[in-house]
Amino acid sequence: MFIDFKLNYMHVKVASVSNVIFFVALLALPQKTAAQDSVEGLIQVERDFAAFCGDNGLPEAWVKFFAPDGLVFQPHPKNAQEVNSAKIPSPKPAASTLYWEPYHGATSIGGDLGFNTGPWRITSNTSNGQPPQYGYFFSVWKKQPSGEWKVLLDLGTTAPAAGPEHVFGAEYDIRKREADNGKSKAESLEEADYLFNVMATNGIKAAYQKMASTNLLSTINGFHPFYNKRSFLSWISSEASPYMKGAAIFSTIDSGTSVSQDLGYSYGSYEINALMKEKGYFVRIWRRNPQGYWYLAAEILSDNVKSRS
């Protein structure tokens, strides 16, 4: 009996050690966070949105994938479901096909708010149709009480020609939160947005230097996107930029933040007085660094009626 007890004890001990080793090994494996799961979900729903649009038509897709209070800019902000419900059903066959892919974006830590941006293309389906049209979209998504992602804001730009991203099929770039932005000391999104607007009245460049992320993603109508603050500021300072030495009046209409208070958005109208005058609308993505300060992470400015909407 003593031998049996000893053998059973050793068996239990070995089994316990094995369980501990297995548990430690499991912890060593890469673990998905809630944010990673939410990013993957947001990427997929954006792709589902594009596929549904191609199969069923733009109005049908906009009604299905937009939130009840979701807005499109045509060129002024309007309720997407109300605008597009009146256009259903879409003509068949469609005279053109709209296609897009998400290439850049992020979600909040809590997985309730996020954004996507990427290239769009419209191709004609008629023999004597127009040449392809190109541009970029910028969408803010909010998770609904049902758990579904729905579009809250959608604004787009046009591009003079296809850019590198219009080849399609690129790997998605998750925009990472910066550890320390360094310059912005705004402790709330509303404060950050207000400070940016005030500084821009004295010079656009100064506002971006102070409030924007070093990895700023900026999409301007008529141009291909800028993927960091250095290249964007270099462009602003060049003679190729219509904003050189310009000031702007930004008027925020509304803003919101994630439940986890690490990601938010604002949108409104703008008027730029520089080498040329321009009026339009903007959508901004703001993020809060671990120090608790909000900074501008991504934006789109569009003065053009035509977009993927």
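Let's begin with a charge and a ring: the charged end of Lys64 sits over the ring of Phe65, 5.7 Å from the ring's centre. Keep in mind as you look around that this model is predicted. You can find another arrangement of this kind at Arg284, whose charged end sits over the ring of Phe282, 4.0 Å from the centre of that ring.

Phe282 also leads us to a group of rings. Together with Phe196, Tyr208, Phe223, Phe226, Phe232, Trp235, Phe250, Tyr270 and Trp286, Phe282 forms one aromatic cluster.

Searching the whole structure gives 23 aromatic pairs. One of them joins Phe73 and Tyr267 in an edge-to-face arrangement, with 6.1 Å from centre to centre and 80° between the planes. What does this pair tie together? Phe73 belongs to strand β1 (residues 66–73) and Tyr267 to strand β11 (residues 263–273), so the pair ties together parts that are 194 residues apart in sequence. Both Phe73 and Tyr267 are buried.

Next, look at Phe115 and Phe138. Their aromatic pair is stacked: the centres are 5.7 Å apart, and the angle between the planes is 20°. That angle counts as stacked because the planes are under 30 degrees apart. This pair, too, links distant parts of the chain, with Phe115 in strand β5 (residues 113–124) and Phe138 in strand β6 (residues 133–143), 23 residues apart. Are these two residues buried or exposed? Phe115 is buried, and Phe138 is buried as well.

Note on methods: Residues are numbered from 1 along each chain as its sequence is written. This is a predicted model: local features need pLDDT of at least 70, side-chain atom pairs count only at pLDDT 80 or more; totals for chains, interfaces and linings use all residues. Side-chain values use heavy atoms; hydrogens and water are left out. Rings of Phe, Tyr and Trp (its six-membered ring) pair if their centres lie within 6.5 Å; planes under 30 degrees apart count as stacked, over 60 as edge-to-face and the rest as tilted. Helices (H or I, at least four residues) and strands (E, at least two) are DSSP runs, numbered from the N terminus. Buried means under 20% relative accessible area, exposed over 50%, partly exposed in between (1.4 Å probe, protein chains only). A charge sits over a ring if NZ of Lys or CZ of Arg is within 6 Å of the ring centre and within 35 degrees of the ring normal.
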